[in-house]
Amino acid sequence: MNSKPLAHFIDPRLLRDYYQLTKPKVVALLLLTAWVGMLLAEPTLASLDEMVLGLAGIGLLAAGAAAMNHSLDHGIDAQMRRTRWRPVAMGRITPGQAMSFAICLALSGFVLLHWGVNPLTAWLTLASLFGCFQAALSG
């Protein structure tokens, strides 16, 4: 068995690129609004488990949608000054790898919401996040 640490096998730059695919600042703002919505939705607070699972699932789905955006927009991103340094636009991650990552994140978030919160929340979150892509692709 090899005793080298995992960090020896994983390039930190690649981890940073995958992290960047998730648009963490955008997801953080989305989670803040979701949390406020949870607090205002009911006269009593939801359980801590439900809130944590809900926020985690929403965050994973949002991160998946962000990564999918990188995959779909890599051509235009490469042409725009503001986005040309993104990992897929630069070719450090392929569009297929970004899409696979996006699907894994979104599927994980969906499963977490479906079984950890409730199916309606899972389906509505999926529809709202990926409905944005339909509008973007048709517009």
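**Reading helix packing**

Author: Helix α3 passes α4 in a right-handed crossing, where right-handed means that the near helix is turned clockwise from the far one by less than a right angle, and left-handed anticlockwise. The model is predicted, so local features need pLDDT of at least 70 and side-chain atom pairs count only at pLDDT 80 or more, while totals for chains, interfaces and linings use all residues. Residues are numbered from 1 along each chain as its sequence is written, and side-chain values use heavy atoms, with hydrogens and water left out.

Reader: What is the secondary structure of the protein chain?

Author: The chain has eight helices and zero strands. Helices are DSSP runs of H or I with at least four residues, strands are runs of E with at least two, and both are numbered from the N terminus.

Reader: At what angle do the axes of α3 and α4 cross?

Author: Two packed helices are described by the angle between their axes and the distance between the axes. Here the axes of α3 (residues 24–41) and α4 cross at roughly 145 degrees and come within 10 Å. Axes are lines fitted to C-alpha atoms, for helices over the stretch in contact, and angles run from 0 to 180 degrees between N-to-C directions.

Reader: Which residues of α3 and α4 meet?

Author: Contact means heavy atoms within 4.5 Å. From α3, Val27, Leu30, Leu31, Ala34, Trp35, Met38 and Leu39 take part, and from α4, Met51, Gly54, Leu55, Ile58, Gly59, Ala62 and Ala63. By class, this contact of α3 with α4 has 12 nonpolar, two polar and no charged residues. Ala, Val, Leu, Ile, Met, Phe, Trp, Tyr, Cys and Pro count as nonpolar, Asp, Glu, Lys and Arg as charged, and the others, Gly among them, as polar.

Reader: How do the axes of α4 and α7 cross?

Author: The axes of α4 and α7 (residues 95–116) come within 7 Å and cross at roughly 160 degrees. That angle makes α4 roughly antiparallel to α7, a term for angles over 145 degrees. The crossing of α4 and α7 is left-handed. The contact of α4 with α7 has 19 nonpolar, seven polar and no charged residues.

Reader: What does Ala62 touch?

Author: Ala62, found in α4 (residues 48–72), touches Val27, Leu30 and Leu129, not counting residues up to four places away in sequence. Its relative accessible area is 6%, so Ala62 is buried.

Reader: Is Asp17 buried or exposed?

Author: Asp17, in helix α2, is buried, with a relative accessible area of 7%. Beyond residues up to four places away in sequence, Asp17 touches Pro87, Arg92 and Ile93.

Reader: What is the phi of Lys23?

Author: Most residues other than glycine have a negative phi. Lys23 has a positive value, near 45 degrees, and is found in the loop between α2 (12–21) and α3.

Terms used: Buried means under 20% relative accessible area, exposed over 50%, partly exposed in between (1.4 Å probe, protein chains only). Angles under 35 degrees count as roughly parallel, over 145 as roughly antiparallel, 65 to 115 as roughly perpendicular and the rest as oblique.
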